[in-house]
Structure formats: C-alpha cells, structure tokens
Amino acid sequence: MANVDRREFLKLVGAGSVGVGAGYLLAESIKHPVEHLIPYSVPPEEFSPGIATWYNSVCGMCPAGCGISVRTREGRAKKIEGNPAHPVNQGRLCALGQAGLQTLYNPDRITAPMLLQGKRGNDAFVETTWKEGLANVSGRLGVPGVATVVLSQGVRGQLANLLELFTAELGSAELLHYDFAHPHTLYAANERLFGQQQLPYYDIANTRYLMSFGADFLNNWLSPVHHSLGFGHSRQGGDAQRLRFVQIEPKMSISGAAADEWVAARPGSEGVLALGIAHQILAGGRYSGSDADDWTAALADYSPELVAEQSGVAAATIVRLADEFAQAKPALAIGGGSAANNSNGTDTLVAVTALNYLVGNIGQAGGLIFNPDPVTGPSASSRRANYEVMRDLAEAAQQGVVDVLIVNNTNPLFTLPTAAGFKEALASIPLIVSLSSFMDETTAMADVILPSHTYLESWGDDVPQPGVGFSVAAVSQPVVAPLYNTRSTGDILLGLASNLGFRDAIPWTTMEECIKDGWREIHARGEPGSGDFDSFWHDVLQSGVWGEDVRQQQDATVSKEVIDNIGVAAPEFAGDVGDYPFVLHPFMSTSMYDGRGANLPWMQELPDPITSVVYGSWLEMNPATADKMGLQDGDLVQVASMQGSVEVPVVIFPAIMPDVVAMPIGQGHESLGRYARNRGANPIQILAPVTDPVSGALATGATRVSVVATGRRAPAVKTGGESRQLGRDIVRFTSTTSDATEHSAKLNSIPISVEPA
Amino acid sequence: MNVSIVPTLRVLRPAATVALVGLIGIIAGFYANATLFTDTSPEQPIAFSHKIHAGDNEVPCLYCHVQARRSISAGVPSVNKCMGCHLEVATDRPQIRLLANYWDTKEPIPWIKVHDLPDFVHFTHKRHVQAGIECQTCHGPVETMAVVSREAPLKMGLCLNCHKDNAVENGTDCWTCHK
Amino acid sequence: MSFMDRFVSGWRKHRQAATDDDFDYAWTMSIDLDRCTGCGACVTACQAENNIPLVGEKELAGGREMQWIRIERYWEGEYPNAKLSFIPMMCQHCDSAPCETVCPVSATYHNQDGLNTQIYNRCIGTRSCAVYCPYEVRFFNYYDHHWPAPLDQQLNPDVTVREKGVMEKCTFCIQRIRQAKDHAKDEGRRVADGEVQPACVQTCPSEALVFGDRKDPNSNVSKSINDPRAYHVLGELNTRPSVVYLKKVDADVV
C-alpha cells in the first residue's frame with residue numbers, strides 16, 4: 001500500500017466517506033422516532049394509563065339489544081365483549097356485535113354537519129356549524145302547516161318517547177319506524193292468535209324438540225346470540241336429554257346446518273306443512289283441549305297426503321314429524337325467514353305458532369312464554385312502517401304532499417325494492433334531512449346532514465325485543481368521547497325542539513337528562529326506601545342492565561273465530577313460471593345483516609360460514625340445476641326479475657331446492673364508504689312489490705327470476721378450500737347411542753421417542 | 001495446465017480495498033450516529049429538574065409516577081398534580097410560569113420520552129416495583145440529574161441478565177416479555 | 001460438558017415431545033362440534049383482539065388470508081340429504097409440533113405453559129413452519145399492513161402490530177394469559193379456572209369453546225378431554241394438539 005497514487009487515494013477517501021454517510025443514515029433509519037408523553041391537564045376520574053377501563057352499554061348493531069362491555073385504554077375503545085350480567089346475551093356476542101368498533105372508528109364517517117351545494121346526489125356537501133345546520137332545519141319546520149315525516153330506524157326507550165313528543169309538537173307530522181328486518185308477520189301472527197302486542201320469548205334452552213320453519217334463529221332471526229346460548233345449552237348442556245332439532249326451509253341456512261334433520265319444503269308451503277302436522281296431532285288424539293273439535297274441523301282439509309302434494313315433503317315424513325313433535329316434552333315450534341316472507345306470511349306463522357298451543361307449551365319452560373310490556377318507551381310495534389306504509393309514503397311524496405323528510409339512521413333507498421318508487425319520491429320532497437353517521441344511499445340524497453354519534457358515543461336506553469320472559473331494561477352510555485363534531489340523535493332532536501320553542505313538552509336540554517328522567521319511573525317500581533335515585537342510577541350504569549324477574553300472567557286462549565279461520569292460502573309469486581323458472585330467496589347474511597355491515601372491513605373479510613365467500617355477492621344454485629344449465633361455480637350470470645336484473649357469480653350449493661336460487665342481502669351499495677361501494681349486487685332492488693296483505697310486509701321471497709349465463713367468469717372470492725372431507729376425518733361424528741369404546745380417553749397416550757438407541 | 005488465481009486476486013485487490021474501506025466507513029458512521037448524534041437527554045418543553053425534586057427535596061419517585069406500582073406504565077403526572085404544589089411553591093420562577101401557562105390554557109405538556117421500548121416488548125412497571133427493584137436500576141441515578149438522560153441501554157441483555165441473576169420465574173421465556 | 005454434547009442434548013430435548021409434567025400450566029381448548037353453529041363470532045373477536053390486519057380482496061383471492069381462527073365447513077351427502085358441519089380451526093399448540101423443529105432461529109418453540117410460541121422480532125420469515133404445519137394455521141405477512149385512520153385507534157396496545165416478513169398465528173391470546181397470571185400473582189395464587197378466556201372463547205354464543213388448564217383435573221376443559229366424544233384433528237400425525245374437539249352427534253351415524 002506504500003505507493004498509493006492520487007487516483008487510488010481519492011477512490012479510498014470517496015469510499016470511506018460514502019460508507020460513513022451510509023452508516024450514519026442506516027443508524028438514522030432504524031432510530032426510534034421521538035415519542036411524546038402527553039399527560040392530561042386534569043385526568044378524568046377513572047383514567048389510569050396502562051390499565052383498561054370497562055364500560056357497560058347496549059349493542060347498537062342490530063335490534064336484539066344485547067348488553068356490551070367495552071374495554072377502553074387511554075380513552076380509546078379497544079374491544080367489545082358481551083355484558084355477562086345482561087340476560088339476553090350473558091357475556092356473548094355475535095360477529096356483527098364484535099365489529100361495532102369499526103362503526104365508531106370507521107374512516108368514512110360523516111364528521112360535521114353539512115349542507116348540500118347545488119344538485120342533489122352529486123356528493124357536493126359543504127361543512128357548516130351545528131348552529132347553522134339546526135337553524136336551517138328548524139326554520140323550515142317552523143313554517144305553519146309544513147307536512148313533515150320523521151323516518152327513523154327502529155328505536156326504543158326514551159329516544160322513541162322523544163321522537164313521539166317531537167312529532168306531536170310539530171303538528172302536521174308523522175313518525176315512522178322503518179327497518180328492513182322488522183318481523184311484521186310475526187307480530188301480526190302473535191297478535192291474531194293470542195292478542196299479544198309483544199313478541200313472546202322462545203325458551204330454546206329448555207326445550208327437547210325444536211321445529212323451526214325457516215327461522216334462521218342462530219344467525220340473525222330476532223335475538224341470535226340468546227338463541228345460540230339456548231341452543232348450546234339444550235344440545236350439550238348438563239345431563240338433560242339432547243335437543244332434537246328439525247329445520248324446514250327451501251335453502252339451508254346457518255341454522256339449517258346445525259339441525260339434526262333438514263327438510264326441504266317448497267317456498268311458501270311451510271304454513272300448510274305446519275297445519276298438516278297439526279292435523280296429524282289432532283288425528284292422533286294427542287290434543288285434549290276443550291276446543292279440540294273446533295281445531296279438528298278447521299284442519300280437516302290438511303291431511304298429510306294433501307299437504308305432501310303442496311309442500312313436496314313426503315306424507316310419511318309429515319306423520320313422523322308430527323309424532324315426534326307431539327311426543328317430545330317440551331317441544332317448540334318457531335317460524336320466520338323463508339316461512340315469513342311470502343304473501344301468506346302471517347297465516348303461515350299463525351299456523352306454526354298454533355303448534356305450540358296444541359302441544360300445550362304456552363307459558364311452560366321450553367315453550368313459548370309471553371313477554372311483559374316494555375318498562376320504558378312506547379310499545380315495540382307502534383308506528384312500525386311496513387312495506388305498504390313505505391309505498392304509500394313514496395306515493396304521497398311523489399304527489400308533493402310531503403314537505404320535509406327527516407331520516408334517522410335508516411336506509412330505505414337500499415332496503416326497498418326499486419318498485420317502491422322511493423328514489424322518485426325523494427326527488428319530489430323539497431327538504432330531506434339525514435341524521436346518519438354515514439353517507440349511505442339515502443343520506444347521499446339529503447339537503448342537510450346533521451350527523452349523529454355512533455351508539456358507542458351516545459346516551460340511550462333500551463328494552464330488548466323480544467325480551468327474555470320478564471322485564472329487562474338497559475342503559476347505553478358513551479364509552480369514548482365523541483370523535484368528531486357529531487351529536488347524538490336525541491341531542492339533535494332536543495336542539496331542533498329548542499329552536500322551535502317546544503320547551504313545555506320537551507323540557508330537557510341534554511339526552512342524558514332525558515334518559516335519567518325515564519329511569520326515574522323504573523326506580524319508582526322498586527320497593528320504597530330501597531335507596532335514592534342517584535345511587536340506583538350509579539348501580540345501573542355500573543351493571544349496565546336492570547331486570548325484574550317476574551313472569552306475567554300466561555293465559556293463552558285462542559278464540560273460536562281464529563280457529564275457524566285458520567288456513568293458509570297458496571303463496572303468490574310475481575313472474576310467469578315459463579319465463580322466470582326460479583324462485584329467488586334473498587337471505588340476510590351473517591355479516592351484512594340488512595346491508596349495514598357492508599362498510600365494516602371486518603365484516604367484508606368475514607367469510608360467509610357456508611360458502612366461505614368474502615367481499616361480494618353470489619347466487620346459490622342446486623348442483624343438478626347448474627349441471628342441467630351447463631353452469632359452473634364462478635360463472636357470471638344475469639339474474640332477472642320483471643323488475644330488473646343483477647349480475648352475480650354462481651356458487652354451487654348442495655342444499656337448496658332445484659327450482660330455488662338464493663342471494664345474500666347486504667352488498668351492492670352505491671354509497672356508504674370505501675369498503676361498501678361498488679361491490680356485489682343488491683337483490684332487494686329486483687324484488688317484486690308483492691306483500692302479505694295481513695301484515696303489509698314485503699313478501700321478499702315471492703319473486704320469480706330467470707338465470708341466464710353471460711358467458712363470462714367472475715368467481716366469488718372464497719377463503720375455504722375443499723369442502724368435502726375426502727376421508728380425512730377432520731369433523732368426526734358419533735351417534736347418540738354409541739358408547740365410549742372407540743374413543744381414546746387418553747388423548748396423549750401415543751408415545752413418541754427420539755432417544756438414542 | 002498450470003492455473004494460478006494470483007493474477008485474478010491482484011486485479012481484484014484495489015476493488016477489495018475500496019470495499020473494505022467503505023465497510024469500515026459504514027460501521028464508523030453507524031456508531032458515530034448511535035453514540036455521538038443520538039440524543040439521550042432531549043430538551044424538554046419545560047426544563048424540569050429531577051435533581052431539585054427527587055434529590056434536593058427528596059420527593060419519592062412514586063409520589064408523581066403514581067401508576068408505577070399498579071400499572072404497566074409509570075405514568076407522567078398530570079398538570080393538575082404539578083399545580084398541586086406549584087400554586088404555592090416557587091411561583092415566581094420562569095419555568096414554573098411556563099407550567100402555569102400550560103395550566104391556564106389547559107394545554108397538555110408535550111414531554112419527550114427518554115426511556116422508550118420497542119412496541120414488541122411487554123414491560124410492566126408494576127411487577128418490577130412490587131418486586132422491590134429500585135427505579136435507579138434501569139433509569140440510573142435520576143435524583144442527581146438536572147436533565148434526565150438515558151443511562152442504561154435498555155437492551156435485551158440488560159433484562160435477561162437481571163432475570164437470570166435473580167432467577168425470575170419464567171424469566172427467560174420469550175413470551176414473558178415479547179408480545 | 002463440551003459444546004458438542006450440550007448441542008446434541010439440547011437438540012434431543014428440542015426434538016422430544018413435551019409432556020404435561022414438563023409444564024407449569026397446560027393451556028388447552030376444547031371445541032364442541034355439536035354446539036358450534038359456524039356463526040363466525042370467534043373470527044371477528046380474534047381480528048379485534050389480536051390486531052389482525054385486513055388483507056383486502058385481491059390478497060384474499062390469491063389465498064393470502066390472515067385469520068388466526070377460521071371456520072372450515074364440510075359437506076356430507078347430496079341433495080336432499082346434504083349435511084353441513086362446521087369446525088373452527090386455529091393453531092393447535094401441538095406438544096409435538098412440526099413447526100417448532102424446523103424454525104432455524106427458534107422463533108417458534110414450546111414454552112413452559114405448553115404453548116407454541118411465535119416471537120415476531122426473532123422471526124426471519126423463512127416460512128418453513130407454515131409448510132410443516134398440517135393444520136395450515138400459520139400466516140405470513142407479505143406486506144406491511146395499514147389501518148386507515150382512525151381505524152388504528154382500535155389497535156390493542158397489548159399486542160404487537162406485525163411487520164412485513166414475519167409469520168404469525170394464534171397465541172391462545174397470550175396477552176390475556178399474561179394478565180391473568182399477573183392478577184393471580186398479586187394475590188399469591190395460581191390462575192383459576194375460567195379466569196383466562198381467549199377472545200374466541202369469550203364471545204362464542206353457543207359456548208362451544210372452552211379454555212383452561214388441563215393439569216387442573218377439575219377444570220371445565222379437563223371434563224371435555226375426558227368426554228367420550230373427544231378427539232384430535234389429524235391425531236394420527238401424532239402432533240399431540242392442545243386443542244380437543246368433541247364429535248358432532250348425528251343420530252344417523254352407525
């Protein structure tokens with residue numbers, strides 16, 4: 001190295017300096033960024049960094065009303081779990097409930113009040129202040145004689161009371177609660193049979209034999225978490241005899257998969273099937289009530305043979321099911337889903353519910369138990385808008401009779417068929433105000449957006465529907481400080497009320513006060529001298545729930561008139577069999593519910609349990625039908641009804657009737673944020689406007705469709721692999737009677753040795 | 001045929017020398033950054049002196065870092081807590097005026113973290129304080145520092161050696177400290 | 001002992017399946033297939049608890065899903081007698097785990113609680129473990145994943161956010177086990193039965209999942225192990241899983 005020339009030297013100096021620079025930068029690049037420790041000025045009472053604080057509240061993801069406990073750390077919500085003290089869910093929660101955090105922390109929330117600039121539906125909103133936003137709306141509402149419709153999602157408790165007061169004060173205003181999934185037919189059936197305003201409690205936990213007519217009770221029918229708890233208990237809980245469970249429906253649902261026996265029945269024939277079973281119970285002399293003769297006469301036309309013809313279920317099966325149902329004590333029959341969504345929905349559910357009466361399980365453990373009236377808020381079924389009401393509203397609006405529409409977190413534009421004409425109706429309403437937290441389809445048509453908090457930021461209270469056989473109420477409290485410049489629905493209404501000068505009827509300034517006032521009544525129910533309201537309120541906030549374990553009078557009599565008129569007409573379908581050979585069965589999926597789950601990325605990535613599809617829509621089709629049509633899994637098809645068409649990929653589905661096709665509800669959003677937009681198709685849009693005339697509910701299963709191959713392939717994205725076991729014995733079965741011999745009680749008994757010889 | 005690699009090596013020698021010098025440079029640069037240019041005692045928004053509080057006035061560590069015995073994090077005192085004393089004490093000093101200013105405007109004080117662990121480490125103050133480990137074991141003689149600086153390297157070796165020396169239950173299982 | 005001797009004996013110990021006697025706790029999960037309804041609540045609960053990233057439609061289409069627990073479904077028979085069964089599948093925490101012996105850096109090993117660990121900062125991403133795992137429950141981070149603000153505010157501070165290039169899998173919610181042990185230590189006792197519930201077990205609406213210490217003969221999970229319906233999935237591979245399944249009851253099975 002003695003004779004390093006100048007050139008060489010410069011090279012080495014260059015290499016050295018580049019090296020030092022690179023080394024410096026390398027160290028810099030892996031350096032931890034500067035982190036700050038930012039203390040509170042004055043810490044909140046329960047605040048302690050590094051330690052989780054749990055708040056009890058009420059889940060707002062579906063109408064079941066489960067209690068939740070939310071884990072917060074440093075003021076942020078981290079995890080939602082069920083509230084163990086709440087009798088509905090007893091600490092458990094479904095997937096949608098777990099995903100509630102993504103409603104709160106959704107990147108597509110509306111963050112401030114907004115006013116429309118220019119034409120409707122062009123997404124041109126500008127931010128405004130609450131003062132201005134509220135003044136804008138109350139100014140219009142204050143004009144004498146202005147016809148207002150308040151269209152809210154189904155709310156209960158004090159918020160429902162407040163809505164009633166608010167609309168009453170407005171004068172020429174109408175209040176409607178609209179939910180796609182509201183079980184209008186079930187309410188109508190219980191009202192007709194037993195005169196009950198409330199839905200009864202179905203005691204699945206203690207029943208020995210469950211016959212479900214289309215009710216997907218383990219997935220999203222009424223109160224799925226509570227039903228699942230009961231199902232788990234009656235299946236393998238303790239020493240009781242294991243539940244036997246039969247599911248009757250045209251397409252296997254999640255509940256159908258759990259059933260011991262799955263029976264395929266033609267769509268709309270569930271009611272006659274129930275009457276056939278009832279006929280057989282009476283014919284076998286297994287009902288001995290004083291009105292047995294009336295029943296026998298009323299059911300004379302429903303012999304198993306005749307029913308078999310209509311339902312496609314063999315007469316022998318009907319006889320066997322009737323025998324099993326009558327012999328098992330207690331036995332329970334429930335109906336919903338595919339049994340409730342035809343033009344004979346109410347009659348069908350009356351027939352199904354009558355089975356419970358005939359085996360004498362009303363008011364009994366393991367049977368059907370009547371619920372008391374809610375302890376707070378108006379009755380659950382009041383002001384419920386069914387399809388006919390919504391259609392009439394749309395018609396009225398189109399005639400220019402509606403001046404202002406206030407929409408509270410419900411999305412009729414997505415959950416009503418195009419045939420309802422709601423889109424045209426919105427166009428002719430001069431002022432649309434949306435209180436939604438998200439830019440859903442309906443909100444995109446609004447003139448003023450007054451965004452509400454999510455349920456995790458709001459005060460509220462709730463009475464679960466259906467209840468659990470006794471009075472339960474729960475308080476929902478904010479678990480985090482509001483993320484954005486939003487307000488709770490109640491506070492928005494109070495703000496409007498204050499602007500309009502409704503002080504006398506609506507005296508509260510905050511929703512928290514309003515809730516507390518309502519709970520004073522509940523406190524007054526307690527024994528006198530059992531503590532003052534403040535300590536009661538403190539206890540309620542801590543436990544999240546209040547209950548009064550007293551069963552109401554369970555007198556069930558069915559009037560002769562009802563018995564005489566029992567019967568189920570043939571279902572009506574829209575579309576000619578020749579042109580539209582398939583019955584479309586739209587079903588609510590596990591993750592999307594009625595479409596509200598589509599903007600939650602966890603729900604988009606939750607595989608559909610049965611098909612394992614993520615991020616999209618699909619059409620379920622019987623393998624034999626697909627074969628006949630030359631269709632393969634993943635072929636894109638056009639599904640067309642008389643009302644319109646959608647394109648979706650085919651998924652071959654082994655448990656669906658050959659002339660039925662099924663599509664999940666929830667995708668196909670044109671709005672609702674980045675995760676939901678332009679993904680899949682919405683089957684509701686192509687439904688025909690057929691209703692159940694008794695309840696006015698939309699018969700969602702009454703549309704016939706044609707399925708035509710497009711010649712393109714667009715396979716649904718699936719996470720699951722092979723869906724057959726191929727001898728791998730991954731899921732193993734045992735018969736109830738098998739003994740323990742084949743099992744290895746010592747699971748870890750096989751020795752393994754790598755010791756040297 | 002007689003083949004030698006010597007000529008090839010001779011050709012490669014200048015390149016190898018350059019590479020070697022470059023490598024030494026990288027190492028030198030890395031260390032220079034890590035030792036000379038890494039701020040182990042950053043300038044804080046208020047020139048708070050642990051020496052005055054914990055040293056001269058013998059305020060116990062846990063008086064202000066009250067969470068340390070029951071939480072994973074020791075916690076920084078809220079401005080509220082500071083003002084508990086400084087409404088009365090030394091109110092005329094410029095740094096205390098700065099503090100009072102934060103208090104009046106209800107602004108939080110953006111302290112800069114001196115002792116920080118990577119996100120994949122689970123460290124709980126509670127267990128260590130309850131086991132009677134002195135704060136100074138990891139944080140150094142803070143009560144003598146007018147400006148806090150990071151004395152101990154807080155690297156895995158420090159944890160493991162102490163866990164081994166004290167025969168901590170499951171003290172060397174990765175999942176005891178890595179999350 | 002020479003280095004070579006230590007190496008050989010260490011390797012031998014490493015290759016040998018652990019027994020319950022070697023464990024402090026032997027954490028075990030039992031899954032009753034007769035109760036499981038396939039609802040997927042466990043899947044979302046796990047996503048929420050363990051900071052599992054959203055991988056997006058494109059990656060899912062490419063088979064790069066990231067779900068520590070999944071619901072597998074198996075059809076039997078054809079219409080109209082088709083039957084469907086669900087089975088939740090997650091890391092089985094095998095006492096004789098194939099993944100542990102192949103990791104070149106011991107990022108996955110068996111710890112004193114009978115858990116199959118995964119140490120993210122040690123993992124160098126060879127993916128060998130995923131190849132060896134017969135249950136296919138190990139997932140690789142092909143990318144750095146991001147949570148669009150403010151979704152990141154939901155991230156669980158007790159669980160690391162994994163970087164690109166590391167393997168991850170079910171930990172039986174180690175953060176919850178750690179916390180329960182911490183509480184127990186405060187009171188100078190062992191962790192009680194039911195005190196630790198991984199997120200999936202906690203939320204299961206039909207109570208199909210039970211978690212506990214099988215060394216405690218009175219724990220609920222010990223009762224499940226002794227149930228005549230108990231079996232191990234792919235038990236013939238002798239992996240000795242810590243997850244026990246209870247057979248589905250089907251009256252038609254002979």
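This report describes aromatic pairs and charge–ring contacts in a predicted model.

Residues are numbered from 1 along each chain as written, and chains are lettered from A in the order of writing. Local features need pLDDT of at least 70, side-chain atom pairs count only at pLDDT 80 or more, and side-chain values use heavy atoms, without hydrogens and water.

Rings of Phe, Tyr and Trp (its six-membered ring) pair if their centres lie within 6.5 Å; planes under 30 degrees apart are stacked, over 60 edge-to-face, and the rest tilted. By this rule, 23 aromatic pairs are counted over all chains. Two edge-to-face pairs are tabulated below.

| Pair | Centre to centre | Angle between planes |
|---|---|---|
| A:W262 and C:Y79 | 6.3 Å | 70 degrees |
| C:F140 and C:Y142 | 5.0 Å | 85 degrees |

Burial is defined by relative accessible area: buried is under 20%, exposed over 50%, and partly exposed in between (1.4 Å probe, protein chains only). A:W262 is buried at 9%, whereas C:Y79 is partly exposed at 24%. C:F140 is buried at 16%, and C:Y142 is partly exposed at 31%.

A charge sits over a ring if NZ of Lys or CZ of Arg is within 6 Å of the ring centre and within 35 degrees of the ring normal. The charged end of C:R127 sits over the ring of C:F140, 4.9 Å from its centre. In chain A, the charged end of A:R520 sits over the ring of A:F533 at 4.4 Å from the centre; A:F533 also belongs to an aromatic cluster with A:W459, A:W519, A:F536 and A:W537.
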